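Me: Please show me the sequence and the structure. Then we can go through some questions about it.

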Amino acid sequence: MLCQNCHTKDAGVHLRRIINGEAAEVHLCADCARALGYGNLFSGFAFPFAARAAQPLAGPDFSALGNRVVRCEVCGLSFEDIVRASRPGCPNCYRVFGDKLNPVIRKMHGRAKYQPAPKTAAPVPPADGEKWYKTASEHGDIVLGSIVTLTANVDGLPFPARLTPVQRNTLGRRILSALGEKTAGFTMADPARLYPYEVAALAERGLITPEFASSADGSLLAFSPDERLCVMLCDEDHIKIRAAVGGLAPEKAFAMAADLRAAVNAAMPLAVSPELGYLNQSPADLGTGCVPAVIVHLPVLSRTGKIPALSSIMGKLGVTIAPFGGSGLNVVGDLYRVSNTVALGLDVTEALSNLKSFCLQLETRERAAAEAYVRGLAAQDRISRAVSVLSGAKLLTANEMSEMLSWIRLGAARGQCEFNLPTINELMLTLQPAGVNTLAGQKLPHEQRDEMRAAIVRKTLFPA
Ligand SMILES: [Zn+2]
Ligand SMILES: [Zn+2]
């Protein structure tokens with residue numbers, strides 16, 4: 001299979017994304033994956049012994065060993081099974097086959113050891129009922145919000161891939177009941193029973209991961225009415241908790257997510273090893289089990305071609321910058337997701353503060369570049385044309401809307417035009433293809449979708 005970006009090299013990295021309102025796979029070669037900010041995913045990773053195992057085994061002579069193949073006592077897999085499936089069957093596999101798995105893990109993560117989070121937990125911020133992307137903040141000219149995703153598995157149980165849909169569903173419900181009061185008022189959904197566009201719309205606005213939008217049968221979803229907290233159960237791992245807050249505050253989002261994780265852990269101990277940290281299904285997700293991210297709008301750095309150089313500097317320091325939303329191949333509305341991908345060797349507090357200081361530097365650069373840029377007639381022309389398009393268009397595709405909103409967001413942030421930034425954020429995130437279908441309550445033909453989008457944008461930004 002060829003890479004969908006360069007169309008020349010073999011694709012070894014496979015991403016699940018939302019394309020045109022539907023869950024789909026994107027295939028990339030390792031070079032393009034790195035250039036686009038997905039180099040950290042190790043998706044192209046294969047156990048080095050996979051080639052050997054793929055060959056028919058030449059009847060190994062186990063007689064001398066008393067014919068005993070070592071098997072994990074929880075999931076029953078042997079090491080050969082793990083190699084064949086290219087994934088462990090349960091957290092315990094990491095313990096049973098540690099001597100064989102550790103060299104691979106070291107190759108991925110380096111020699112670093114897991115650093116547990118300091119005991120002093122940050123306070124959980126009070127909810128104000130506002131959606132994360134609609135919150136005004138002092139960093140709001142550039143930052144839309146901060147999203148933290150925690151991944152964990154219950155110890156002593158096989159990973160979801162080795163459970164039946166019914167078992168996955170039952171486990172998901174047990175985890176939710178362990179959360180008890182903390183998830184009171186949450187909307188609970190069985191993704192398999194929702195329309196695909198409804199699930200895709202949740203990913204378009206950052207509530208669930210794009211991967212979860214094509215989750216396995218039997219997975220389960222619960223989210224708070226303000227969409228700040230979301231629990232994804234029994235897709236690839238037993239539990240993924242996502243917390244989102246407005247502004248540059250990944251530590252607040254972490255506190256919210258960690259509070260739920262602690263509640264699960266109190267009822268059903270999670271698998272954590274002193275060496276490797278959270279024992280998750282993908283060896284790439286070991287360690288803190290935490291991926292903190294900040295969603296930023298970088299119109300000027302993006303349009304002046306500065307992102308690739310920044311991305312390569314940041315990549316060396318464990319921070320990635322990748323397009324937010326869409327196929328992930330193209331930037332939509334100049335929105336980026338900046339995330340910290342180092343999960344072994346530094347504790348969560350350090351990871352969060354590293355990410356924050358990188359984002360502050362990005363902000364400073366974008367702000368300085370933008371101040372100069374909008375003084376030019378060309379930029380002012382683009383901004384006022386965008387206003388005309390959005391106020392007059394009868395049809396708007398998602399891409400055109402995103403591009404025009406990006407211009408007026410730049411204009412509004414730099415005092416060139418008067419629009420409310422949180423309102424622009426909301427339009428950008430909720431009027432993507434699946435989002436419009438969800439508002440309509442059905443899968444609309446393209447033209448009707450573009451018509452509805454144009455009408456909502458007009459009514460919202462230019463009320464009569
Ligand atoms: Zn490529
Ligand atoms: Zn196992």
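Predicted model: local features only at pLDDT ≥ 70, side-chain atom pairs only at ≥ 80, totals over all residues.

Me: Which residues in H14 are buried?

Reply: Buried means under 20% relative accessible area, exposed over 50%, and partly exposed in between (1.4 Å probe, protein chains only). Helices (H or I, at least four residues) and strands (E, at least two) are DSSP runs, numbered from the N terminus. In H14, the buried residues are Leu421, Pro422, Ile424, Asn425, Leu427, Met428, Leu429 and Thr430.

Me: How many of the 10 residues of helix H14 are buried?

Reply: Helix H14 covers residues 421–430. The helix is mostly covered, and its buried residues number 8.

Me: What is the geometry of the site of the zinc ion (ligand 2)?

Reply: Donors are N, O and S atoms within 2.8 Å of the metal (3.2 Å for Na, K and Ca); water is not among the atoms, so sites may look incomplete. Here the protein donors are the SG atoms of Cys72, Cys75, Cys90 and Cys93, lying 2.3 Å from the zinc ion. Four donors count as tetrahedral if all angles lie between 85 and 135 degrees. The angles among the 4 donor atoms are 94 to 122 degrees, and the site is tetrahedral.

Me: Are Cys72 and Cys75 buried or exposed?

Reply: In sequence, the donor residues of the zinc ion (ligand 2) are spaced C-x2-C-x14-C-x2-C. Both Cys72 and Cys75 are buried.

Me: Which residue's side chain does the side chain of Asp450 contact?

Reply: Asp450 is in helix H16 (residues 446–461), and counts as buried because its relative accessibility is 14%. A polar contact is a pair of N or O atoms within 3.5 Å; within protein, one must be able to donate a hydrogen and the other to accept it, and residues adjacent in sequence count only if both atoms are side-chain atoms. At 2.9 Å, the side chain of Asp450 makes such a contact with the side chain of Arg453.

Me: What is the phi of Glu227?

Reply: Most residues other than glycine have a negative phi. Glu227 lies in the loop between strand S5 (220–223) and strand S6 (229–233). The phi of Glu227 is positive, near 60 degrees.

Key. Residues numbered from 1 in each chain as written. Chains lettered and ligands numbered in written order. Heavy atoms only, no water. Tetrahedral: all angles 85-135°; square planar, octahedral: opposite > 155°, others 65-115°.
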